[in-house]
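Take a look at the model before reading on.

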Amino acid sequence: MLQLFSDNVGDHMAAAVHNLSDKGSPMLEQSVYADHLSPESISAINALVRRLWTEAFQTIVRDATVLSDQDRNQVGANQRMRIGMYFYHGHDLGS
């Protein structure tokens, strides 16, 4: 689990650094922030995020598997990717 954590954080930071360096087209690296939410609203957003991630995850795995199988052992097939999502909640900053 520690290695997975390290790999995820490392790739996330690499995408952010790439975007800050202004070299090439930007990588997807975005987030949504909201505050002053009730526990009930947090629960609703958590359920929404999990549903959307499940749908996206299934589609991405399906398509990435097809492309990976197609590209395997091809000249120039030397790239990797990582796509992730997280949901965090806690007390408002300054509260």
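## Surface

About 8,700 Å² of the chain is accessible surface, and carbon and sulfur atoms hold 58% of that area (Shrake-Rupley method, 1.4 Å probe, with only the protein chains shown counting as cover for residues). Of the 95 residues, 5% count as buried, meaning under 20% relative accessible area, while exposed means over 50% and partly exposed lies in between.

The model is predicted: local features need pLDDT of at least 70, side-chain atom pairs need 80 or more, and totals for chains, interfaces and linings use all residues. Residues are numbered from 1 along each chain as its sequence is written, and side-chain values use heavy atoms, without hydrogens or water.

## Overall form

You will find two helices and zero strands here (DSSP runs numbered from the N terminus: H or I of at least four residues for helices, E of at least two for strands). The radius of gyration is 17 Å, well over the 12 Å from the globule rule for 95 residues, so the chain is more spread out than a compact globule (C-alpha atoms; 2.2 Å times the number of residues to the power 0.38).

## Salt bridges

The count comes to five salt bridges (a side-chain nitrogen of Lys or Arg within 4 Å of a carboxyl oxygen of Asp or Glu). One of them joins D11 and R82 at 2.5 Å, N to O. This pair links distant parts of the chain, with D11 in helix α1 and R82 in the segment after α2, 71 residues apart.

R51 and E55 also pair, at 3.2 Å; four residues apart in helix α2, they are separated by about one helical turn.

Notes
Buried means under 20% relative accessible area, exposed over 50%, partly exposed in between (1.4 Å probe, protein chains only).
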